[in-house]
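I opened this entry to keep track of what I looked up, one topic at a time.

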Amino acid sequence: MSTITFSSAAVLPARPATKLRLTARGRRVVLAVAAVPLAAGIAFAALSGGSAMASGEQSSTTTFATVTVMPGDTLWSIAEEIAPGADPREVIGDITRLNLLRGGSLQIGQELAIPTQYSE
């Protein structure tokens with residue numbers, strides 16, 4: 001069995017330890033580099049956001065008949081009232097999608113827009 005000894009002069013550190021100091025100018029440069037993508041995104045959104053409204057086409061407005069929810073009203077009773085010949089489940093689905101109802105809960109006094117195919 002043999003032994004090997006190293007003197008302190010033979011062992012070199014992997015890399016010398018350096019301290020990184022960020023000056024005020026360096027902080028401004030890092031901030032500017034980080035802000036460029038944000039500014040580019042905001043500029044892109046501002047320039048392309050209004051282009052859909054700038055077209056010269058005429059837009060049509062759609063009006064809906066509305067029903068005010070009274071005490072005791074349910075979606076089923078409203079569907080049967082506005083479209084007696086149609087399947088109430090389909091009418092309820094159309095009313096729910098048009099008014100963005102969640103869970104089918106109604107509030108007294110709430111105004112529900114009625115799809116045009118049932119309001120005629």
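**Overview.** I noted at the start that this is a predicted model. I counted four helices and two strands in the protein. Reading from the N terminus, I wrote down the order α-β-α-α-β-α. I looked up burial next: of the 120 residues, 18% count as buried. I also checked contacts with a separation of 6 or more, and residues 24 or more positions apart account for 57% of them.

**Helix H1.** At 1.5 Å a residue, its 26 residues should span 38 Å, and the end C-alpha atoms are 37 Å apart, so the two values agree. I then looked for a bend and found one of about 30° at Ala35. A proline, Pro37, follows within four residues of that bend. I also asked how many of the 26 residues of H1 are buried. The count is one, so I put H1 down as hardly covered, since buried means under 20% relative accessible area.

**Helix H3.** I repeated the span check on H3, which covers residues 88–99. Its twelve residues should span 16 Å, and its end C-alpha atoms are 16 Å apart, which agrees. I listed the buried residues of H3 as Pro88, Val91, Ile92, Gly93, Asp94 and Ile95. What do the buried residues of H3 pack against? I found H2, S2 and helix H4 (116–119).

**H2 against H3.** I looked up how H2, residues 75–82, packs on H3. The angle is about 105° and the axes are 9 Å apart. Angles of 65 to 115 degrees count as roughly perpendicular, and H2 and H3 are therefore roughly perpendicular to each other. On the H2 side I recorded Leu75, Trp76, Ile78, Ala79, Glu80 and Ile82. On the H3 side they meet Pro88, Arg89, Val91, Ile92, Ile95 and Thr96. Sorted by class, this contact has nine nonpolar, one polar and two charged residues.

**Leu100.** I ended with the residue just after H3, Leu100, which takes a positive phi of about 55°. I marked this because most residues other than glycine have a negative phi. Leu100 lies in the loop between H3 and strand S2 (111–114).

Conventions: Residues are numbered from 1 along each chain as its sequence is written. This is a predicted model: local features need pLDDT of at least 70, side-chain atom pairs count only at pLDDT 80 or more; totals for chains, interfaces and linings use all residues. Side-chain values use heavy atoms; hydrogens and water are left out. Axes are lines fitted to C-alpha atoms, for helices over the stretch in contact, and angles run from 0 to 180 degrees between N-to-C directions. Angles under 35 degrees count as roughly parallel, over 145 as roughly antiparallel, 65 to 115 as roughly perpendicular and the rest as oblique. Contact means heavy atoms within 4.5 Å. Ala, Val, Leu, Ile, Met, Phe, Trp, Tyr, Cys and Pro count as nonpolar, Asp, Glu, Lys and Arg as charged, and the others, Gly among them, as polar. The expected span of a helix is 1.5 Å times one less than its number of residues. The bend at a residue is the angle between axes fitted to the seven residues ending there and the seven starting there. Buried means under 20% relative accessible area, exposed over 50%, partly exposed in between (1.4 Å probe, protein chains only).
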